[in-house]
Amino acid sequence: MKQSNTSLITGLTFVATLGGLLFGYDTAVISGAVSSIDANFIDPLHLSETARSSLSGWTVSSALFGCIIGAVIAGWVSNAIGRKGGMLVAGVLFLLSAAGSAFPEIGLGPIGAMGAKALTPFIVYRILCGVGVGIASMLSPLYIAEIAPSQIRGRLVSFNQLSIVLGMLLVYFVNWAIASQGDDAWIRTTGWRLMLASEAVPALLFLVLLLLVPDTPRWLVMRGRSEKALAVLTRLAGTDEARATIAEIETTLVVRTAPLFAFGSLVIVAGILLSVFQQFVGINAVLYYAPLMFKNMGATTDSALWQTIIVGLANVIFTLVAILTVDRLGRKPLLIGGGLMMAVAMITLGFLFQAKAVGIAALIAVVVYIAGFALSWGPVTWVLLSEMFPNSIKNKALAIAVAAQWIANLLVSWSFKVVDGNTTLNASFNHGFAYWIYGGMSVFAAAFVYFYVPETKRRTLEGIQNLWSADEHTLGPDAAAIRSPTAIKQPSAG
């Protein structure tokens, strides 16, 4: 590939990954504001322990309800107005929600004087942001997969996950910098608003840069704009490869929209379970509530934020490991190895909490868990979801899988606050019970990949279609390596 083509692909990938950065930024920004949100909106209601924990969990995780909505409509949006158009919609929602969630009283009453009455508009703005996240979570990796050459597709799609974790790390520093400007009382009145408002900066950058990029060749072909698609592909890959790719895309789109189960049920079920297991291993309970988790270990507010930054750094470093290995080792070995690594770390953390031995060993267990997730289920799940579905069912199948992921995320995020705040469980397990659940789910996730997920490395998107069969009980003719973590049939060039 010529350098100019590489530069263009890199530039387009960078713009798309800003959607991932905003995904990560929004996921983690709430972690610095949880105690302030409770103090301003929930404590004045004087609820029982269970009701308070449940409402607090819902408030923090309400954005995930919007993520489900966003994921459900993302397929329709991307089909109607394109991958680029869908990301523009997401960018507008990010910008609107940044201002609204920071100042939910706007248009309703004096800033800071509404108390618990501001909780409902706050949740509404968080849900709107969630819709943006849900759309971006599907379309950013899909955009990258549809413009990337097959031999480096896994690496480029993994950059979206790197942007997600960089967004998380960035906002950990932003939250810490804001929190350091005042004491706890100042954070409860002003600091938390600045944390949430800071998301407007990357949202505006995302919107501006999106205006400069083309839509993907595959979407253009689906809309009958093959000449435009050819022009984009020629800029990306050269004339000869562009014509061959256009022909291959058009062949797979003879039926431009096929029934959802046209390639059997296994591809749909595999996509859904990949999404569900990515959440059931507990990652977002750890990320959303990292400061709370470290406070449970006895850390002060400032040291809890610093320990959260350590977690963010581990996330970035091991996501880079995944980027360097996903196209060489393949998808399956990383998912299986990472699942087992997370299982050991979470089960160990549970025992450390129960034994009240939550010093440096517990921090190490958390870092090992994050490392296991970052080199496997974090980036590789998105790589698989962006490439595993045949073109003619991709919009519907990917929307269902991503919606399932956000539903699972909502369940985990809400239930963690309830389980972690339960007096009876804490009396016996001292905040450790939830981590044993996540450890068990990590074992199930690794087993699922070993038995039911085929290897897709080095295959074109159109070639992956041959991995699946219309017979719901079997895989397609090229999926002989389903039980092998590494062996695959070598595809033709392209």
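A residue is called buried when its relative accessible area is under 20%, exposed when that value is over 50%, and partly exposed in between (1.4 Å probe, protein chains only). With that in hand, take Trp192: its relative accessible area is 0%, so Trp192 is buried. Before going on, please keep in mind that this is a predicted model, in which local features need pLDDT of at least 70 and side-chain atom pairs count only at pLDDT 80 or more, while totals for chains, interfaces and linings use all residues. Residues are numbered from 1 along each chain as its sequence is written, and side-chain values use heavy atoms, with hydrogens and water left out.

Now for the whole chain. Of its 494 residues, 59% are buried. The secondary structure comes to 21 helices and 0 strands; here helices (H or I, at least four residues) and strands (E, at least two) are DSSP runs, numbered from the N terminus. Contact means heavy atoms within 4.5 Å. Among contacts between residues at least 6 apart in sequence, 82% join residues at least 24 apart.

Let us return to Trp192 and meet its partner. Phe122 and Trp192 form an edge-to-face aromatic pair, with 6.2 Å from centre to centre and 70° between the planes. Rings of Phe, Tyr and Trp (its six-membered ring) pair if their centres lie within 6.5 Å; planes under 30 degrees apart count as stacked, over 60 as edge-to-face and the rest as tilted. Because Phe122 lies in helix α4 (residues 119-147) and Trp192 in helix α6, the pair ties together parts that are 70 residues apart in sequence. Phe122 has 0% relative accessibility and therefore counts as buried, too.

Leaving aside neighbours within four places in sequence, Thr59 is in contact with Ile37, Ile42, Leu119, Phe122 and Ile123. At 1% relative accessibility, Thr59 counts as buried. Further along, Ala74 is found in helix α3 as well, and Ala74 is buried with a relative accessible area of 0%. Not counting residues up to four places away in sequence, Ala74 touches Gly134, Ile135, Met138 and Leu139. Ala74 and Ala403 are 329 residues apart in sequence, yet 9.3 Å apart in space, C-alpha to C-alpha.

How do helices α5 and α6 pack? Helix α5 (residues 153-179) and helix α6 (residues 184-197) meet at an angle of about 145°, with their axes 9 Å apart. Axes are lines fitted to C-alpha atoms, for helices over the stretch in contact, and angles run from 0 to 180 degrees between N-to-C directions. On the α5 side, the contact is made by Asn175, Ile178 and Ala179, and on the α6 side by Trp186, Ile187, Gly191, Leu194 and Met195. These residues divide into 6 nonpolar, 2 polar and no charged. In this scheme, Ala, Val, Leu, Ile, Met, Phe, Trp, Tyr, Cys and Pro count as nonpolar, Asp, Glu, Lys and Arg as charged, and the others, Gly among them, as polar.

Finally, look at a second aromatic pair. Tyr450 and Phe451 are edge-to-face, 5.0 Å centre to centre, with 90° between the planes. Tyr450 counts as partly exposed at 35% relative accessibility, and Phe451 is partly exposed with a relative accessible area of 36%. Together with Phe277, Phe448 and Tyr452, Tyr450 and Phe451 form one aromatic cluster.
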